[in-house]
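I set out to look up the strand arrangement and the charged side-chain pairs of this structure. The entries are kept in the order in which I looked.

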Amino acid sequence: MEEALRIQNLPPYLFARIDQKIAAARAQGVDVISLGIGDPDLPTPDHIVERLVQAVHKPANHRYPPSAGTLGFRRAVAAWYQRRFQVELDPRSEVVTLIGSKEGLAHIALCYINPGDIALIPDPGYPVYAVGVMLAGGVPYRVPLREENGFLPDFAAIPAEIAHKAKLMFINYPNNPTGAVADEDFYRKAIEFARKYDVIMCHDAAYSEIAFDGYKPLSFLEIPGAKEVGIEFHSLSKSYNMTGWRIGWAAGNARVIEALARIKSNIDTGVFLAVQEAAIEGLLGPQEVVQQLSKVYQERRDLVVDGLNSLGWNLVKPKATIYVWPKVPKGFSSAAFAEFVLDKTGVVITPGNGYGEYGEGYFRISLTVGTDRLVEALSRLRANLGHVEV
Ligand code: PLP
């Protein structure tokens, strides 16, 4: 029963490993506070749940869905882009429904990567980009996101011979895990780079709706020329607390969307029709829920950043996402610090090296627990760490 080479070197998913550690600590009676995975703790808004309940009773919704998604859902995506970003999309040719954006991010490499081909991957970055490339037989080339560059890739520092060989590049703003955001100038550079080297730019915008202090993240597709060179991945998971529902989309360049839809139509059969109906309600229904959600995360962000800064950190408040990305204290590696914190305090943080080698020296805190638990986590850190040097 020998496994294929493609999975022999595939580690278990980062959070599968962390889940094992949590289970072991809980089995020993530890009151674990998990600031690990970015899975929203708050429920899906009622009007979306209600729409699902109605949709589930319709027998027509019990059948196979069209693999690329219903035209109704794709129209809702186009209408949402128009309203939110003033971006025009043809729902028939420029939008494909995904079983969560993770699925599309993993499958896009199958469309463009031949064995040995290069894809440019942000490091630190969401692990799925690199794994998708490796499963397609490609080689991820890790582009460092350095703090001194605002955690943006430096396009000029990517060697020309690598850029010439690259087929795809993944970018992600607002960024997981760093919380960094990108401005128009950055996206212009990304488009210029994609044109120059004939690279398909894949922008992951999963966190575009979770932003603070009045800041409104951009869509890559707002920038002139974006649709000629790439696509944007998106999802209802974080904006509407719908991680378990598994629905997202990719939008943009029609040729790339068609390729992704073709691969998908041969692998999966789309998203449950009732979930697509409920997702339409999410995208077209009242949007105050999204603003309220950002307010909740903003409060938590303030609590965590102020709390850590009072312990000796020197963090700037992130403008978006559900993450805080501090440096580990002097003398610790990322893994050693995460282990130390779990052992001493029962608080789970994600070691930065889980997101790539350039994540070493950092850890990620997810703001997906209530303020009472965040206060408790901070007080346990204070009791066990005292004042830290970073
Ligand atoms: N992209 C990023 C950067 C993420 O952090 C996540 C999930 O945490 C996803 C995509 C996937 O989200 P989903 O598959 O639920 O749409």
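**Basis.** I am working with a predicted model, in which local features need pLDDT of at least 70, side-chain atom pairs count only at pLDDT 80 or more, and totals for chains, interfaces and linings use all residues. Residues are numbered from 1 along each chain as its sequence is written, and side-chain values use heavy atoms, with hydrogens and water left out.

I looked up the strand order and found an open sheet of seven strands, 2-8-7-6-5-3-4, with mixed pairing. Strand 2 (95-98) and strand 4 (139-144) stand at the edges with a single partner strand each, so one side of each has no neighbour in the sheet. Neighbouring strands are turned by 25 degrees against each other on average, direction ignored. For these terms, strands (E, at least two residues) and helices (H or I, at least four) are DSSP runs numbered from the N terminus, and two strands pair if DSSP finds at least two bridges between them.

Within it, Ile121 stands opposite Arg142 of strand 4.

**Helix on the sheet.** Helix 10 (residues 254-267) packs on the sheet and touches strand 2, strand 6 (200-204), strand 7 (230-235) and strand 8 (248-252); contact means heavy atoms within 4.5 Å. The direction of helix 10 makes about 35 degrees with that of strand 2. Axes are lines fitted to C-alpha atoms, for helices over the stretch in contact, and angles run from 0 to 180 degrees between N-to-C directions.

**Salt bridges.** My search of the whole structure returned 24 salt bridges (a side-chain nitrogen of Lys or Arg within 4 Å of a carboxyl oxygen of Asp or Glu).

Lys167 bridges to Asp117, with the closest N and O atoms 2.6 Å apart. Lys167 lies in strand 5 (residues 166-172) and Asp117 in the loop between helix 5 (101-112) and strand 3, so the pair ties together parts 50 residues apart in sequence. I noted Asp117 as buried, at 14% relative accessible area, and Lys167 as partly exposed, at 30%; buried means under 20%, exposed over 50%, partly exposed in between (1.4 Å probe, protein chains only).

Asp302 bridges to Lys317 at 3.4 Å between the closest N and O atoms. Asp302 is in helix 12 (residues 288-310) and Lys317 in the loop between helix 12 and strand 9 (323-324), 15 residues apart. Shared partners join Asp213, Arg301, Asp302, Asp306 and Lys317 into one network.
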